[in-house]
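These notebook entries record what I looked up in the structure shown below.

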Amino acid sequence: MKVIYISIAIVIVDQLTKIFVKGFSVPFLNFNFDGMFYGQSIPVIGDFFRLTYIENPGMAFGFDPGNAFKLAISLFSLVASIGLLIYLYAIRNKSFSLRVAIAFILGGAIGNLIDRTFYGVLFGYAPLFYGRVVDFFDFDFFDFTLFGRSYDRWPIFNIADAAVTVGVLILILFYKKHEEEKELEKSLVAATVDSGSSTHPITSDDLTSAENFSNTAEEPNEQVDNRKEVSD
């Protein structure tokens, strides 16, 4: 479960950047940090990359389903985050790439969940679960149309969004490996059931050992065939 630190780091960095963009105050220290004003855009790499402060009222790509679905979206995000945390524990003995991918997705999900759940209350503009997600990364990649809406720049996003995207990309890149691991695990379970022996939880080391064994199992036969060819 050490990969949980990846999720924690993502949440911390995500919230720190959002607070600095949005601004904050510490009344008992008489400290106030204004941050950026809403809609402000600061060029970083010309017009290609800017920091632009907006707040996403609903789902990804700025799609707003309306207040009637706002609570449902927030509650779904909460349930999904809990489910990802449970799943991350369940796969604690699986391949590292799978655990890292889920850790990235979990960190991103929790980062945006905090906005939706608490920001409305903390900043005094909405009740619990009705907050808006703070976005600020603004890139000019290419024009496209989605949900009937045309975009001349990539939709503005945040670190939590980026973490979810990275997690999904890892799952896609290592999909074949994860599927092979599942099949190998099924084979190991079937073999232990047939032998009637007691088992311990199957770990990634077990799967690696089994994979190495399967890769080298053919070598003796190959050596016999080679000797046979020489004798002939």
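Entry 1: I took buried to mean under 20% relative accessible area, exposed over 50%, and partly exposed in between, with a 1.4 Å probe and protein chains only as cover. The model is predicted, and I kept to its limits: local features need pLDDT of at least 70, side-chain atom pairs count only at pLDDT 80 or more, and totals for chains, interfaces and linings use all residues. Residues are numbered from 1 along each chain as its sequence is written, and side-chain values use heavy atoms, with hydrogens and water left out. Helices (H or I, at least four residues) and strands (E, at least two) are DSSP runs, numbered from the N terminus.

I first asked how many residues of E5 are buried. I found that 7 of its 7 residues are buried, and I noted the strand as mostly covered. In a regular strand the side chains alternate between the two faces of the sheet.

Entry 2: I looked up the strand order next, counting two strands as paired if DSSP finds at least two bridges between them. The sheet is open, with 3 strands in the order E3-E4-E5 and antiparallel pairing. Strands E3 (41-45) and E5 (133-139) stand at the edges with a single partner strand each, so one side of each has no neighbour in the sheet. From one strand to the next, the twist averages 30 degrees; axes are lines fitted to C-alpha atoms, and angles run from 0 to 180 degrees between N-to-C directions.

I then went through the pairings. E3 and E4 (residues 49-56) are antiparallel over 4 bridges. Within this pairing, proline 43 stands opposite arginine 50, and serine 41 has threonine 52 as its bridge partner. The two strands form a hairpin with 3 residues between them, and glycine 46 in the turn has a positive phi of about 55 degrees. E4 and E5 are antiparallel over 6 bridges, and I noted asparagine 56 opposite valine 133.

**Entry 3: aromatic pairs.** I counted rings of Phe, Tyr and Trp (its six-membered ring) as paired if their centres lie within 6.5 Å; planes under 30 degrees apart are stacked, over 60 edge-to-face, and the rest tilted. The structure holds 15 such pairs. Tyrosine 119 and phenylalanine 123 are edge-to-face, at 5.3 Å centre to centre and 70 degrees between the planes. Tyrosine 119 is buried at 3% relative accessible area, whereas phenylalanine 123 is partly exposed at 33%.

Phenylalanine 139 and phenylalanine 141 have ring centres 5.2 Å apart and planes at 10 degrees, so I recorded this pair as stacked. Phenylalanine 139 is buried at 17%, and phenylalanine 141 is partly exposed at 44%. Both belong to a cluster linked by ring pairs, which also includes Phe48, Phe49, Phe136, Phe137, Trp154 and Phe157.

**Entry 4: nonpolar surface patch.** Which residues make the nonpolar surface patch? I listed Tyr5, Ile8, Ile12, Leu16, Phe20, Phe28, Leu29, Phe31 and Phe33, with an area of about 980 Å². Patch residues have over 30% relative accessible area and no salt bridge, and nonpolar side chains (Val, Leu, Ile, Met, Phe, Trp, Tyr) are joined within 5 Å, like charges within 9 Å. A salt bridge is a side-chain nitrogen of Lys or Arg within 4 Å of a carboxyl oxygen of Asp or Glu. Accessible areas come from the Shrake-Rupley method with a 1.4 Å probe.

Helix H1 (4-22) and strand E2 (31-33) each supply at least two patch residues, and H1 gives the most, with 5. Tyrosine 5 is found in H1 and is exposed, with a relative accessible area of 57%.
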